[in-house]
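Try each one before you read its solution.

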Amino acid sequence: MALFDYKDSDALGNVKAVDTAMVVVSVENLELLRKLQVNRLVVLQSSRAGQHLVGIVQKIIRDTTIANALGTEPEADQPKNVEQNTVRIALIGTFFDRLGQRENVFRRTLETVPEIDARCFPIEGDRLTAFMRAISSHTGEDDHRLSLGTYTLDENAEAYLDANRFFQRHAVIVGSTGSGKSWTTARLLEQVAPLANANAVLFDIHGEYSPLQGDGIRHFRIAGPADLEAGSGLDEGVVYLPYWLLAYEDMTTMLIDRSDQNAPNQAMILSRTVTAAKRAFLAAGNHNDVLANFTIDSPVPYDMQQALKELKRLDAEMVPGTRGEKQGEFHGRLSRFIARLENKLTDRRLGFMMAAPEEAQQFEWLAKLAKSLMAGTRDQGDKKGGVKIIDFSEVPSDVLPLVVSRIASLIFSVQQWTRKSQRHPIALLCDEAHLYMPSRNDAGSVGDAALRYFERIAKEGRKYGVGMVVISQRPSEVSRTVLSQCNNFVALRLTNADDQSVVQRMLPDSLGGFADLLPVLDTGEALVVGDASLLPSRIRITEPKAHPDSGTINFWDEWERDAQREAIASSVAAWRKQSQTAK
Ligand SMILES: Nc1ncnc2c1ncn2[C@@H]1O[C@H](COP(=O)(O)OP(=O)(O)OP(=O)(O)O)[C@@H](O)[C@H]1O
Ligand SMILES: [Mg+2]
């Protein structure tokens with residue numbers, strides 16, 4: 001059945017002017033003009049049989065000249081004020097009654113433009129539902145469709161995205177705080193989790209995703225001080241990131257104060273000492289194959305206490321001189337560096353890195369860690385769960401970028417070194433991304449190294465089956481390089497102008513006006529743009545079954561409640577112990 005079997009009497013008006021992707025339609029009937037709304041869909045007669053051109057209403061103008069509507073100056077001989085009601089329409093694609101074997105197919109191509117006087121019809125009611133269904137049913141094959149919600153234009157029509165495209169070339173979920181990003185993420189994961197061999201990792205910075213439970217979902221957390229005491233490990237979902245997994249660059253940014261005049265010496269000694277310690281470990285374990293090719297960045301365990309001892313020796317070293325003993329080359333130059341290192345070694349908050357249990361000091365342990373974080377549902381033993389949610393809430397904020405990026409780059413490296421035939425695609429969902437892939441950064445800062453890892457994943461991830469979903473409330477503060485690699489945007493309400501312009505740049509020129517909707521979107525409502533959706537569309541995100549603990553507090557209700565609380569003393573205790581879970 002042809003979808004667009006309009007009668008002439010349904011027509012809104014006729015085409016009066018045509019540009020490449022823009023047409024102006026004049027509307028005689030003022031009633032119809034009044035009913036029309038910006039961003040509604042219309043269909044225009046095409047010069048080819050069986051084809052229709054689909055457009056979005058961009059501007060509705062009463063009492064102005066056509067020349068003005070097109071944004072050009074009226075000709076001198078044209079009257080300036082003709083009574084003329086016009087609608088400006090951006091063409092977005094072609095609808096085919098039949099294309100090959102399929103009926104009712106929409107394509108984002110414009111092979112023709114409408115002719116002057118072609119008729120224009122509104123797409124409303126049943127036709128709108130049918131049109132949206134037609135779009136959705138051809139968004140990807142039936143079995144790789146992802147549904148975030150329903151179209152705002154027509155709540156009866158489920159909005160499907162092409163799930164392959166969504167993850168293939170990275171996606172972005174943005175929106176001001178409280179606009180619904182975490183809920184959207186939960187909705188997304190709820191659809192990933194049931195897949196037979198799902199594989200995704202969510203970086204949960206504030207520990208708000210714990211309510212997401214059930215088959216296909218596993219929870220991990222970066223070890224906090226309380227876990228150190230309990231001695232819990234990977235089997236209980238506790239993740240350590242032992243210092244030997246840090247790259248040289250991470251260590252220098254964490255341990256060396258660049259303003260120290262001895263910084264270059266300290267960096268050199270650090271490199272030399274760690275290399276020697278790693279080599280000693282490999283030699284002791286007879287790992288000769290690794291020994292032949294290793295560098296300071298190789299993920300090889302070593303004994304930090306041993307390394308510290310060596311640093312202290314150099315710092316106090318005396319060597320024979322012409323007249324008795326004299327100070328060694330590095331005498332006293334390493335003191336501040338050693339103090340910094342010792343500080344970190346004893347900092348309980350950094351225990352997940354510096355005080356990992358014995359098991360995490362073993363050569364074999366890295367494979368176990370990688371397997372926990374990277375195995376798909378099918379590849380796991382009894383504890384199944386292809387969606388892995390890692391809680392970073394107890395990681396101190398100054399090292400957060402380093403820790404998140406290290407885990408991401410660990411996953412990326414393992415994926416890179418997996419034979420192509422064995423590679424299983426994995427998605428990294430990065431919540432609060434502006435914290436660890438910021439747009440501006442001081443060279444040499446903790447965030448700087450982190451940023452480079454993520455930029456690399458953004459640029460090369462596709463080839464190795466690593467997809468990113470960047471989630472942030474401040475897209476303008478997220479690295480441009482990362483964003484420029486993302487091909488799909490789910491934009492929730494955005495109030496800040498800089499953030500809006502980031503989304504605006506994603507839109508094709510003719511649809512730039514779509515971005516005007518960003519500040520007026522409802523909570524949980526999004527503009528979805530990109531190669532995963534046929535049409536840039538406004539979608540009402542369906543509530544996820546389990547709600548992330550997003551911490552929206554009803555101030556007034558809480559204040560009105562006459563209930564006594566005694567939390568403050570234990571809050572102080574938790575602050576001191578740097579752990580909410582500690583007793
Ligand atoms: N799809 C939705 N349908 C209905 N309500 C929603 C939806 N999404 C979000 N909300 C409401 O908005 C609140 C905030 O949502 P959410 O935690 O997802 O925001 P956020 O964008 O992640 O904020 P933040 O930037 O602070 O993390 C939720 O507690 C919920 O009440
Ligand atoms: Mg959130």
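**Exercise 1.** How far is an oxygen atom of ligand 1 from a polar backbone atom of Gly178?

*Solution.* Start with the ground rules: this is a predicted model, where local features need pLDDT of at least 70, side-chain atom pairs count only at pLDDT 80 or more, and totals for chains, interfaces and linings use all residues. Residues are numbered from 1 along each chain as its sequence is written, chains are lettered from A and ligands numbered from 1 in the order written, and side-chain values use heavy atoms, leaving out hydrogens and water.

Next, the surroundings: 16 residues surround ligand 1 (a heavy atom within 4 Å), and Thr177, Gly178, Lys181, Ser182 and Ser550 are the closest.

Now the distance: it's 2.8 Å for Gly178.

**Exercise 2.** Which residues of helix 7 meet helix 8?

*Solution.* Pick out Tyr248, Met251, Thr252 and Leu255 (contact means heavy atoms within 4.5 Å). Their partners in helix 8 include Ala267 and Val274.

Technical notes. Helix = DSSP H or I, 4+ residues; strand = E, 2+ residues; numbered from the N terminus. Polar contact = N/O pair within 3.5 Å; in protein donor to acceptor, adjacent residues only side chain to side chain.
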